Amino acid sequence: MYTEPFKVLKEKVPFLEFAWRMGKLIINPKIDSKDTFSSSDSRYALWDIFLALSLIAVVMTLGYVFTGDDYFQRAQKVLNQSNMLFSLGYYAVLTLFSFFLIALCLFRFLQKRKDSLTDAFLATLFFARCHALKIILIAPFIIWNIDLLSSELMNYDEYIEQNLAKSLGIGAIALILLVWCIYEPLRKFVFPTKEIWLSYMLITMMLYASTELNQRVPALVTLNFHNFFSCDKAYKSQKFSALSEAQKMKFKQNCENSDWK
């Protein structure tokens, strides 16, 4: 009785329920079977991708409204928020579709599974949940890079060189999450009888191939993050004024040629 109001709150507020599902994915990542599917979090896989994109948009909008900090406003301009949800969603659908086709061909023609279509469907839904988690984890670094460029006059590469220990720590955490949340569940489900090193290599090939379709088909939208606003703010900063002419020229070249596409 005492926990019922909190259960209702978690179920009715989309982002709380989304955070709960992402937390469970990190703690216990697994691919559900068809017997447990009807009560599993895999049912929300596609919805979670939409919630991940929506959460980023809400955070950027409300962040500027409540703090008044142009950090969030710059992020909205650089990330071109008006079409960000549609463009990221478009690429997510292409990646998932490619992954499904690869898994289906693998299960049906190479492994000769009886329920190849079901297994490919379940594996794809798990990959979709991981994709939603990836969006949430990577987006803050993209937004942070915008502020890093405009306020500190440096990009990722320069920051890593100057903060090698911290960067290695973040990289190690990312690698652990990648292995724990994606590679291990896929290894147990897709290649349960193969050696670990071989399974990891084959999974890497699957993941790489699933993203290749984005480069091979005509794009309805272009995901292009322009650094124009960040560069413009950097040019007006005191740090930029204190640079030598040679340093200014080098920074301008790096800044204007560092659009993310």
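A charge is taken to sit over a ring if NZ of Lys or CZ of Arg is within 6 Å of the ring centre and within 35 degrees of the ring normal. In this predicted model, the charged end of arginine 113 meets that criterion over the ring of phenylalanine 189, 5.4 Å from its centre. The charged end of arginine 113 also sits over the ring of phenylalanine 107, at 4.0 Å from the ring centre.

The protein chain contains 12 helices and zero strands. Of its 261 residues, 39% are buried. The accessible surface amounts to about 15,700 Å², with 65% belonging to carbon and sulfur atoms. Among contacts between residues at least 6 apart in sequence, 72% join residues at least 24 apart. The mean pLDDT of the chain is 79, and 69% of the residues reach 70 or more. Confidence is highest in helix 8 (residues 164-190), at a mean of 92, and lowest in helix 4 (residues 70-78), at 56. Where pLDDT is low, the predicted coordinates should not be read in detail.

Seven salt bridges were identified. One of them joins the side chains of aspartate 48 and arginine 21, with an N to O distance of 2.4 Å. Because aspartate 48 belongs to helix 3 and arginine 21 to helix 2 (residues 14-27), this pair ties together parts that are 27 residues apart in sequence. Aspartate 48 and arginine 21 are both buried, and a network of salt bridges links Glu17, Arg21 and Asp48.

A salt bridge is also formed by aspartate 41 and lysine 24, whose closest N and O atoms are 2.9 Å apart. This pair links distant parts of the chain, with aspartate 41 in the loop between helix 2 and helix 3 and lysine 24 in helix 2, 17 residues apart. Aspartate 41 is buried, at 16% relative accessibility, whereas lysine 24 is partly exposed, at 35%.

Within helix 8, glutamate 184 and arginine 187 lie three residues apart, about one turn of the helix. Their closest N and O atoms are 2.9 Å apart in a salt bridge. Glutamate 184 is buried, with a relative accessible area of 15%, and arginine 187 is likewise buried, at 13%.

Five aromatic pairs are present in the structure. The rings of tryptophan 47 and phenylalanine 50 have centres 5.3 Å apart and planes at 20°, and the pair is therefore stacked. Tryptophan 47 and phenylalanine 50 are three residues apart in helix 3 (residues 45-67), a separation of about one helical turn. Tryptophan 47 is partly exposed, at 41% relative accessible area, and phenylalanine 50 is also partly exposed, at 44%.

Definitions and conventions:
Residues numbered from 1 in each chain as written. Predicted model: local features only at pLDDT ≥ 70, side-chain atom pairs only at ≥ 80, totals over all residues. Heavy atoms only, no water. Phe/Tyr/Trp six-rings, centres within 6.5 Å; stacked < 30°, edge-to-face > 60°. Helix = DSSP H or I, 4+ residues; strand = E, 2+ residues; numbered from the N terminus. Buried < 20%, exposed > 50% of the residue type's maximum accessible area, 1.4 Å probe, protein only. pLDDT = per-residue confidence, 0-100. Contact = heavy atoms within 4.5 Å. Areas by Shrake-Rupley, 256 points an atom, 1.4 Å probe, with all protein chains shown as cover. Salt bridge = Lys/Arg side-chain N within 4 Å of Asp/Glu carboxyl O.
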